[in-house]
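Please report on the side-chain packing of this protein.

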Amino acid sequence: MYTQALDSPGKDPVAATGEAAERFQARVDADEKIEPKDWMPEAYRQTLIRQISQHAHSEIVGMLPEGNWITRAPSLRRKAVLIAKVQDEGGHGMYLYSAAETLGVSRAQMVEQLLSGAAKYSSIFNYPTLTWADVGAIGWLVDGAAIMNQVPICRCSYGPYARAMVRICREESFHQRQGFEIMMTLARGGAAQKAMAQDALDRWWWPSVMMFGPSDADSKHTAQSMRWKIKRFSNDELRQKFIDVTVPQAHFLGLTLPDAHLRLDEVSGHYEIGPIDWSEFHAVLKGNGPCNRERLEARRAAHAAGEWVREAAAAHARKLEDRAATAQHQERGSP
């Protein structure tokens, strides 16, 4: 769903040198896919682990804001669609954890990093969902930003990540449509419903714009990641694409974006926005957002509550292994 991992705290990638590194870069430049058993620079591997695992964490934590509304959805249809969407996000997390495991990190390690707070997830999920309109705003804006960010990852140089993203992006497109449809229904409803949609847009617009990460001048990982073709576009390029697509959609809905400086540059054809409050972005990343503690506490509680399931699954797996070993031993011992 969402990734800011390339710009999250972490060691700066150190470019490898030598013939192996040159051959690796030549493959990347030729748009060949790098596979798990291929040689790769350690910095490339670590960058992918950081991005993919934090992308997976974002999918899992991202289930919480909308899952909070499943029991309060305004109709059976809305409830069913929202359940399906939350299930999709859980599946996305599993695809991504599997992709990261091909790089030599275990799922248990990644989950522990999330629960301990050592690993980050998208800052967008540290905002509360106060009304039903927030579910629409998340689908329209947050998933819309995610699609803009993630479609290029389908061409990522690392094969398992690129292949996982193909299905994820297809499903995210449905999520975005669902959110826009909710917002359109509210915007075309009564005055109270339209006010609810406008309030949600007011609160989610700037966090969605910040989802693409820091401006290019402050993004320390972007240049190397683009050279490795993990990333295809810079933060500001993706942000501009999102803004250019979303502003006309807001106009269609009859809603007003919360930016007095918003204007269309007739020469470039791009929409220009006002200054972004990056202090808020960094405060949320550091754990000081409205729901940071709540989100991690919810994940820790869920992990603890599921311990018996993991133990039962492990015991069942051991039982199957023992049965297979016994059958193999008996077969060898038979005349």
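## An aromatic pair across the chain

Phe-180 is buried, at 16% relative accessibility. Phe-252 is exposed, with a relative accessible area of 52%. Buried means under 20% relative accessible area, exposed over 50%, and partly exposed in between (1.4 Å probe, protein chains only). This is a predicted model: local features need pLDDT of at least 70, side-chain atom pairs count only at pLDDT 80 or more, and totals for chains, interfaces and linings use all residues. Residues are numbered from 1 along each chain as its sequence is written, and side-chain values use heavy atoms, with hydrogens and water left out.

A search of the whole structure gives 10 aromatic pairs. Phe-180 and Phe-252 make a stacked pair, 6.4 Å centre to centre with 25 degrees between the planes. This pair links distant parts of the chain: Phe-180 lies in helix α7 (residues 159–187) and Phe-252 in helix α10 (residues 235–253), 72 residues apart. Rings of Phe, Tyr and Trp (its six-membered ring) pair if their centres lie within 6.5 Å; planes under 30 degrees apart count as stacked, over 60 as edge-to-face and the rest as tilted. Helices (H or I, at least four residues) and strands (E, at least two) are DSSP runs, numbered from the N terminus.

## Other rings and charges

Ring pairs join Phe-24, Trp-39, Tyr-44 and Trp-228 into a cluster.

Two rings carry a charge over the face. Arg-177 lies over Phe-174, at 5.1 Å from the ring centre. The charged end of Lys-241 sits over the ring of Phe-233, 3.6 Å from its centre. The rule asks for NZ of Lys or CZ of Arg within 6 Å of the ring centre and within 35 degrees of the ring normal.

## The nonpolar core

The largest nonpolar core has 78 residues; Tyr-44, Leu-48, Ile-52, Tyr-158, Tyr-161, Trp-204 and Trp-205 touch the most other members. Helix α7 supplies the largest share of this core, 10 residues. Such a core is a set of buried Ala, Val, Leu, Ile, Met, Phe, Trp, Tyr and Cys residues joined through side-chain atoms within 4.5 Å.

Leaving aside neighbours within four places in sequence, Trp-205 contacts Leu-141, Phe-242, Ile-243, Thr-246, Leu-257 and Pro-258. Contact means heavy atoms within 4.5 Å.

## A buried arginine

Arg-78 belongs to helix α4 (residues 76–101). Arg-78 counts as buried, at 12% relative accessibility. Not counting residues up to four places away in sequence, Arg-78 touches Ala-73, Trp-132, Glu-181, Ile-182 and Thr-185.

Ala-21, Phe-24, Gln-25 and Val-28 are buried in helix α1 (residues 19–29). Seen down the axis of α1, its buried residues fall within an arc of 95 degrees, so they line one face of the helix. The arc is that of the directions from the helix axis to the C-beta atoms. The buried residues of α1 pack against α2 (42–61) and α9 (222–227).

On the other side of α1, Glu-19, Glu-22 and Arg-23 are exposed.

Cys-154 is in no disulfide, and the nearest cysteine sulfur is that of Cys-169. The distance from the sulfur of Cys-169 to that of Cys-154 is 3.9 Å, too far for a bond.

Cys-154 is partly exposed, with a relative accessible area of 23%. Cys-169 is buried, with a relative accessible area of 9%.

Methods. A disulfide is a pair of cysteine sulfur atoms within 2.5 Å.
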